[in-house]
Amino acid sequence: MEITQLLLNAQSIDATARKRSEESLKQFQDQNLPGFLLSLSGELANDEKPVDSRKLAGLVLKNTLDAKEQHRKNELAQRWLSLDDSVKSQVKACLLQTLSSLVLDARSTASQVIAKLAGIELPQKHWPELIGVLLSNIHQLQPHVKQATLETLGYLCEEVSPEVVDQDQVNKILTAVVQGMNASEGNNDVRLAATRALYNALGFAQANFSNNMERDYIMRVVCEATLSPEVKIRQAAFECLVAISSTYYDKLAPYMQDIFNITAKAVREDEEPVALQAIEFWSSICDEEIDILDDYGSDFTADSDIPCFYFIKQALPALVPMLLETLLKQEEDQDQDEGAWNIAMAGGTCLGLVARTVGDDIIPLVMPFMEGNISKSDWRQREAATYAFGSIMEGPSPEKLASIVNVALTFMLTALMKDPSNHVKDTTAWTLGRIFEFMHGSTMETPVITRENCQQILTVLLQSMKDVPNVAEKACGALYFLAQGYEDVGSASPLIPFFQDIIQALLTVTHREDAGESRLRTAAYESLNEVVRCSTEETAPTVLQLVPVLMTELHQSLEAQKLTSDEREKQNELQGLLCGCLQVLIQKLGSAESTKYMFMQYTDQMMDLFLRVFACRNATVHGEAMLAIGSLAYVSGPNFVKYMQGFYPYLELGLQNFEDYQVCAISVGVVGDVCRVIEDKILPFCDGIMTHLLKDLSSNLLHRSVKPPIFSCFGDIALAIGENFEKYLIYAMPMLQSAAELSSHAALADDEMLEYTNQLRSGILEAYAGILQGFKNSPKAQLLTPYAPHILHFLDSLHNEKDMDDMVMKTAVGVLGDLADTLGASAGLLIKQSVSSNDFLEECLSSDDLLIKESADWAKKAITRAISG
Amino acid sequence: MRLHELRRPFKRPAISDQQRRREFALLRQAQQRSDSQNLARRLASSVLDLPNPASTVDAQSDLTESGDLDAVLAMEATEEREAISPTARDLDVVQASKLKGSEGRRWFSRQLMLPEWMIDVPPNLGRDWYVFARPAGKRCFVVSSSGSTVSRLRNGSVLHCFPSSLPNGARTKEMSAPSHVYCILDCIFHEPDQTYYVIDMVCWRGYSLYDCTAEFRFFWLNSKLLESGACNSPSAYHRYRFSVVPIYDCNQIGLRSAYTGVVPYIKDGLLFYNRHAHYETGNTPLALVWKDEFCSQYVLDTDSKGQVPAEQQVILELHDGGKLITSDDPPIVVGCLDRDFLQQSGSQIGYLLRFTVKDESVRIADGKLQLGDIKFISRANRARAFADSYSKIFFQYAARHSPLQFQDLIAAMQSNFDEKSGATDVEMAG
């Protein structure tokens with residue numbers, strides 16, 4: 001069958017036909033990839049063909065070049081690059097030709113495919129003429145070609161990183177894009193495409209934004225575009241402003257007055273999608289300033305690279321009234337709708353960010369609004385007043401807020417009970433939660449919650465937990481922070497007399513028929529967790545009683561039969577919550593000798609339940625159960641060995657879970673836990689564990705964040721099994737060596753990479769430390785001697801790179817000592833002879849960080865002793 | 001095209017409880033890994049014998065004893081810089097102040113330096129020691145940070161949260177300081193005049209004094225506390241007054257002054273600090289407490305009703321196998337409970353139990369106290385965090401039979417002096 005028909009059938013309503021043609025397409029691709037690609041690109045380029053087949057041809061073509069998972073993406077890129085040049089140029093020619101098609105869908109699809117190809121080829125320095133060809137299109141007169149070309153440039157900027165394109169071409173792209181945005185451009189489609197393209201191209205414009213004239217021009221054009229009669233252009237232009245606010249914050253000062261006027265007008269008058277972007281501009285400025293001010297105040301990083309311009313502080317008198325107005329534009333049922341996002345929500349969120357940015361200064365601007373509206377008959381006014389108040393709880397100093405909160409508290413408690421509007425009650429309960437979160441705790445100088453009003457607060461919250469789900473959810477959230485505030489007052493906690501009632505009320509919520517709505521069940525369990533974490537010795541018996549209750553619920557959930565997929569999902573969610581709560585109980589009860597003893601009677605059954613949980617294949621639940629088992633191992637101590645036989649198969653599954661890498665990471669952590677508690681009793685399982693860990697390390701499917709903990713885990717295993725680690729040395733050591741090699745010469749492009757590299761180094765060093773200590777005093781210790789020069793070399797290169805963090809430094813100097821401690825004179829002499837090692841040791845000995853100094857002291861003694869003894 | 005995510009979290013906490021659980025688990029694992037590695041390094045390795053304090057102590061005392069003004073000024077100048085990179089242990093304090101509930105209590109209950117009871121006079125008492133009268137009251141750890149001040153009792157529970165003039169101890173405009181500025185003081189809260197008497201300084205403006213000699217700490221304490229305004233009368237931003245206590249060189253004059261001198265507070269015995277000792281957490285023989293009826297109302301321990309019982313009582317911790325141990329590190333086993341009793345009473349490992357000591361069964365052999373017959377009374381008050389230390393039990397026993405008297409201390413001073421004059425401790429200058 002010819003390709004057109006296949007592509008049309010693939011979209012048929014007849015499932016059999018669809019399936020058959022999909023199979024044929026796949027067969028075609030497998031048997032003759034070049035022919036397949038040529039057919040698809042030919043189809044896309046052919047104006048005689050139906051639009052549906054052309055569109056699908058383009059999409060299938062795109063999927064042969066790109067995938068979500070990074071490793072698959074790399075494979076596909078390699079496959080494309082290895083194709084015959086003539087095939088590649090024919091495909092590219094078809095794509096470029098399609099940009100001139102009169103059919104919008106065909107042009108648009110071609111744009112996306114070209115961008116994907118650019119993402120593959122430009123970094124390899126292939127297809128050098130592409131950008132030139134696109135730019136020459138811009139000068140064509142036909143608007144549809146211009147539009148398609150600008151769209152392509154936009155996608156291209158999204159796919160390609162700025163380093164790949166030289167500045168000359170960047171300048172040309174930006175010139176074309178900004179010209180296309182200009183008010184003089186008569187065609188709205190072109191102007192819209194250009195505005196959207198600029199959004200992606202902003203990352204390329206570093207140099208241009210540093211040039212005053214060019215920046216002025218870009219900013220003028222963007223601001224003008226926000227006034228376009230076409231709503232989509234206005235929206236896209238505001239999106240550009242939002243992106244500029246975070247990328248070029250430090251360049252904005254000259255434009256802030258104009259931007260304020262533009263955004264204020266949009267917030268007040270424009271359609272919602274535009275108004276939301278206008279508010280987002282200010283939220284984004286807040287994000288920037290909060291980060292900068294955080295850097296100013298933080299302990300070690302000294303100053304921020306970028307100075308704070310205090311835009312928010314300056315705009316405050318006008319900005320706050322504008323935001324307060326938006327609060328009155330609520331939608332009727334927004335609290336029942338999980339996906340809702342409207343101007344009132346955005347405005348309140350922005351107000352909260354403004355409060356965090358400026359602190360106390362916001363209070364006098366918000367109080368008149370709050371006082372003027374809180375008792376009005378229109379629910380909108382009462383809700384807006386409450387929401388404004390709740391929004392400013394974080395930021396201002398508690399002392400400044402305390403007197404206001406003291407007055408408001410009684411009012412809020414009454415409103416939560418009596419207000420006729422659910423919306424008002426929802427926001428009131430949330431505001432109470434905010435008050436407890438930021439104004440309550442043992443370190444507050446001016447406590448707003450006293451022994452006297454605490455009982456009333458509790459009564460209201462527990463009552464409110466019976467209200468409609470969205471209100472009850474917020475009440476649970478408020479209880480969470482109420483409990484948290486008492487976490488370190490011990491026996492003085494006023495919650496103690498009501499503890500039983502609180503627990504009972506929360507359990508009742510979890511059993512409500514409608515607990516699935518508004519995230520109510522989750523909120524109730526989370527509060528239960530926090531109430532348990534903050535509980536005191538006095539209430540330990542009640543906490544202990546929770547164990548069998550929750551275990552029974554987990555048991556019942558696991559017994560549930562014949563579920564629809566929807567019901568199964570709900571049960572899984574419940575099981576996750578129950579495992580989470582049990583984990584909190586294990587930690588709480590395990591942390592005191594007296595309760596630990598009583599708790600131990602449940603461990604057998606509990607372990608049994610966790611193993612059954614693994615049987616249902618749900619990543620979240622799996623992770624929660626694994627976390628709980630880690631805690632259980634710690635509490636059980638050496639006795640944990642009796643569970644190993646049953647647990648091991650699931651541990652293995654966890655270690656192989658590449659897809660849900662967090663489950664894999666948790667499982668790796670649990671291996672460490674188990675090693676520490678059962679020590680050499682882990683030996684029978686080590687062959688399997690080591691095999692999986694080594695596989696994990698060599699896989700490029702596994703998320704990189706799991707790799708450092710795997711190295712640390714080698715250390716845990718070696719420390720537990722000692723010289724029995726011998727047989728894994730030939731596998732583990734080369735892996736450690738090559739990872740060490742990589743991590744000592746990593747190109748540290750950014751902070752994130754530096755952090756990862758340091759995690760990797762820590763992992764490697766912890767592995768060396770564990771292995772060296774594991775072999776100490778063993779006749780087999782000398783097996784490690786051949787590796788000593790490499791380890792020393794690694795330490796030297798770390799020392800020379802000068803970019804270790806404290807954690808790495810401490811572990812590194814410890815390993816220096818471990819080498820001498822385990823290997824004796826030979827290693828001791830190697831170290832003594834190394835100038836770099838001695839420098840490093842001296843540096844650590846005079847470190848201000850006590851942990852580093854401690855490790856260094858130890859290392860120095862170990863070395864001295866190795867040489868002398 | 002990928003667009004900026006417009007929707008922001010709405011009425012939701014910033015971190016989910018699940019994320020919190022994960023982070024807790026990671027922290028716990030990292031801590032345990034580091035613990036077991038440290039254990040491995042210490043075990044089976046003879047390197048970690050007692051550290052030789054000579055080198056650091058000498059350096060430190062040279063600095064202050066010589067009265068080298070430049071050095072002190074240099075110290076002062078580096079104060080700010082040091083504050084930016086506090087040591088890991090101090091960081092722990094900042095982190096610990098965020099610890100929650102019982103974990104916080106447990107952490108703080110381990111941070112005080114606890115003097116042993118003086119059961120015999122240490123050599124060189126007249127040369128290497130300081131003495132001062134201990135104010136009667138609640139021993140506590142006072143931490144000022146992030147604009148507030150918190151005091152915690154010996155068992156780790158919070159006594160007061162209040163604003164103070166200590167650096168970063170209150171949230172006022174003129175005093176606002178970066179978050180790394182904080183102080184840790186070892187104090188006694190004296191109820192009658194509502195004053196915190198500072199008996200030691202552990203950290204000042206982020207500058208750690210853990211590894212400094214007592215000599216230097218007391219010097220710093222006396223010069224810095226006054227400057228801060230913490231000794232001023234209470235005000236809105238300074239709820240409690242702080243005060244220093246007069247500290248004397250432990251010679252005959254100093255000892256007599258501490259013993260009989262007039263102080264604004266009620267005395268509860270004398271404290272002796274070795275001038276070369278660092279601030280060590282837990283029990284230490286380098287700080288000693290001594291009492292008699294003249295300088296303390298509380299020489300003999302009271303029972304749970306506040307009465308002095310006819311027979312000596314002790315608090316011991318139940319350990320595995322029914323062993324009863326003291327709070328020393330390493331603990332000393334002073335008795336054992338039998339299995340039947342354990343089952344009947346439902347006592348569990350870690351419980352603190354109160355016993356009566358049968359006088360006639362006590363033996364002192366080779367200077368060591370052995371409790372013979374002890375009788376169980378009850379479980380100890382829950383507020384207690386520790387069992388008695390060996391030195392306390394010994395001191396209490398001695399106080400009931402043949403107490404170490406003030407005259408003995410004075411006499412020791414005399415003999416110390418003799419010893420000193422006869423000693424040939426000459427520094428070779430080459």
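Predicted model: local features only at pLDDT ≥ 70, side-chain atom pairs only at ≥ 80, totals over all residues.
Residues are numbered from 1 along each chain as its sequence is written, chains are lettered from A and ligands numbered from 1 in the order in which they are written, and side-chain values use heavy atoms, with hydrogens and water left out.

Chain B contains eleven helices and 19 strands. Helices (H or I, at least four residues) and strands (E, at least two) are DSSP runs, numbered from the N terminus. Of its 430 residues, 49% count as buried. Buried means under 20% relative accessible area, exposed over 50%, and partly exposed in between (1.4 Å probe, protein chains only).

Strand S6 of chain B spans residues 183–190. Eight of its eight residues are buried, so the strand is largely enclosed by the rest of the structure. Both faces are covered. One side carries B:Cys183, B:Leu185, B:Cys187 and B:Phe189. The other carries B:Ile184, B:Asp186, B:Ile188 and B:His190. S6(B) also pairs with strand S3 (residues 138–145) of chain B, in the antiparallel sense and over seven bridges. Two strands pair if DSSP finds at least two bridges between them. B:Asp186 is the bridge partner of B:Phe141. In S7(B), the bridge partner of B:Asp186 is B:Asp200. Four residues lie between the strands in the hairpin of S6(B) and S7(B), where B:Gln194 takes a positive phi near 50°.

The interface comes next. In chain A, 100 residues are in contact with 69 residues of chain B. Contact means heavy atoms within 4.5 Å. The two chains bury about 7,100 Å² between them, with 49% of it on carbon and sulfur atoms. Buried area is the accessible area (1.4 Å probe) that two parts lose on being put together, summed over both. The rule finds nine salt bridges across this interface. A salt bridge is a side-chain nitrogen of Lys or Arg within 4 Å of a carboxyl oxygen of Asp or Glu. One salt bridge joins A:Asp426 and B:Lys11 at 2.7 Å, N to O.

A:Asp426 and B:Lys11 are also linked in a network of salt bridges with A:Glu473, A:Lys474, A:Arg519 and A:Glu526. Within chain A, A:Glu473 forms a salt bridge with A:Arg519, the closest N and O atoms being 3.3 Å apart. A:Glu473 lies in helix H24 (residues 469–484) and A:Arg519 in the loop between helices H25 (499–510) and H26 (520–533), so the pair ties together parts that are 46 residues apart in sequence. A:Glu473 counts as buried at 6% relative accessibility. A:Arg519 counts as partly exposed at 25%.

A further salt bridge joins A:Lys146 and A:Glu185, with 3.5 Å between the closest N and O atoms. This pair links distant parts of the chain, 39 residues apart. A:Lys146 lies in helix H9 (residues 143–159), and A:Glu185 in the loop between helices H10 (167–181) and H11 (188–201). A:Lys146 is partly exposed at 21% relative accessibility, whereas A:Glu185 is buried at 15%. Over all chains, the structure holds 60 salt bridges.
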